[in-house]
Amino acid sequence: MDPYRIFADIVAGRAPSSKVFEDPDVLAFMDIRPMTPGHLLVIPKVPARSLAELDPVIGGKLFQVGQRLAAALRESEVRCDGVNFFLADGATAGQEVFHVHLHVIPRTPGDGFGLRSRATSPRRADLDYLAASIRGAVQRAEPGGADAQEGTWWLT
């Protein structure tokens, strides 16, 4: 098995998995290297290496299924107190299998899992500058500009 194509093999039935949910678009199964007991992965059945390649409708469905699974984890024998969603997009972000996947990680006090980083406190002017840059990139990327999408793109 190719570790970089393992999710495609799971979808095709060529590799084993402990399935939790399946529909025509999405598959959820137990992670074989769990951060905590009950750690699940939710994947699209159609491979997408990155978020940029993922159909937005299917991306939304990943999170809808993740939300249902989070509720199920709380009611199952896992009995978690909280749930983290984690999605790594790109090697620098920690993506190891290049098939988009959403981690649904049950949390209990003292489980040892967490983000290990130190937050910064940038100046408002720096935040405003980056916000404008990101807004511009989104508007350039959307067909028809920002008006083609729901929501408000704040102008400064």
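Leaving aside neighbours within four places in sequence, Val 78 contacts Pro 37, Gly 38, Leu 73 and Pro 106, a contact being heavy atoms within 4.5 Å. The model is predicted: local features need pLDDT of at least 70, side-chain atom pairs count only at pLDDT 80 or more, and totals for chains, interfaces and linings use all residues. Residues are numbered from 1 along each chain as its sequence is written, and side-chain values use heavy atoms, with hydrogens and water left out.

Val 78 sits in the loop between α2 and β4. Helices (H or I, at least four residues) and strands (E, at least two) are DSSP runs, numbered from the N terminus. Val 78 counts as partly exposed because its relative accessibility is 29%. Buried denotes under 20% relative accessible area, exposed over 50%, and partly exposed the range in between (1.4 Å probe, protein chains only). Val 78 and Thr 108 are 30 residues apart in sequence, yet their C-alpha atoms are 9.4 Å apart in space. Arg 79 lies in the loop between α2 and β4. Its relative accessible area is 53%, so Arg 79 is exposed. The phi of Arg 79 is near 50°, a positive value in a residue other than glycine. Most residues other than glycine have a negative phi.

The protein chain holds three helices and five strands. From the N terminus on, its elements follow the order α-β-β-β-α-β-β-α. Of the 156 residues in the protein chain, 31% are buried. Among contacts with a separation of 6 or more, 47% are between residues 24 or more positions apart.

The five strands form an open sheet in the order β1-β2-β3-β5-β4, with antiparallel pairing. Two strands pair if DSSP finds at least two bridges between them. The edge strands, β1 (19-22) and β4 (82-86), each pair on one side only. On average, neighbouring strands of this sheet are turned by 20° against each other, direction ignored. Axes are lines fitted to C-alpha atoms, for helices over the stretch in contact, and angles run from 0 to 180 degrees between N-to-C directions.

A hairpin through three residues connects β1 to β2. Lys 19 has Phe 29 in β2 as its bridge partner. Glu 22 stands opposite Leu 27 in β2. Further across the sheet, β3 and β5 run antiparallel and are joined by three bridges. Here Leu 41 has His 103 in β5 as its bridge partner. Five bridges join β4 to β5, again antiparallel. Within this pair, Asn 84 stands opposite Ile 105 in β5. Strand β5 is mostly covered, with five of its six residues buried.

Helix α2 lies across β1, β2, β3, β4 and β5. It runs at about 160° to β3.

The largest nonpolar core has 16 residues. Those with the most contacts inside this core are Val 42, Leu 54, Leu 62, Val 65, Leu 69 and Val 104. A nonpolar core is a set of buried Ala, Val, Leu, Ile, Met, Phe, Trp, Tyr and Cys residues joined through side-chain atoms within 4.5 Å. At least two residues of this core come from each of β2 (26-30), β3 (40-44), α2 (56-75) and β5 (102-107). The largest share, five residues, comes from α2. In soluble globular proteins, nonpolar side chains tend to be buried together.

The largest pocket has a volume of about 730 Å³. On a 1 Å grid over the protein atoms alone, a pocket is an open set of points where a 1.4 Å probe fits, with protein on both sides within 12 Å along at least five of seven lines. Lining residues have an atom within 4 Å of a point. Grid points are joined across faces, edges and corners, and a volume is the space filled by probe spheres set on the points. The lining of the largest pocket comprises 28 residues. Asp 31, Arg 33, Glu 96, Val 97 and His 103 lie nearest its centre. At least two lining residues come from each of α1 (6-12), β2 and β5. Helix α1 gives the most to this lining, with three residues.
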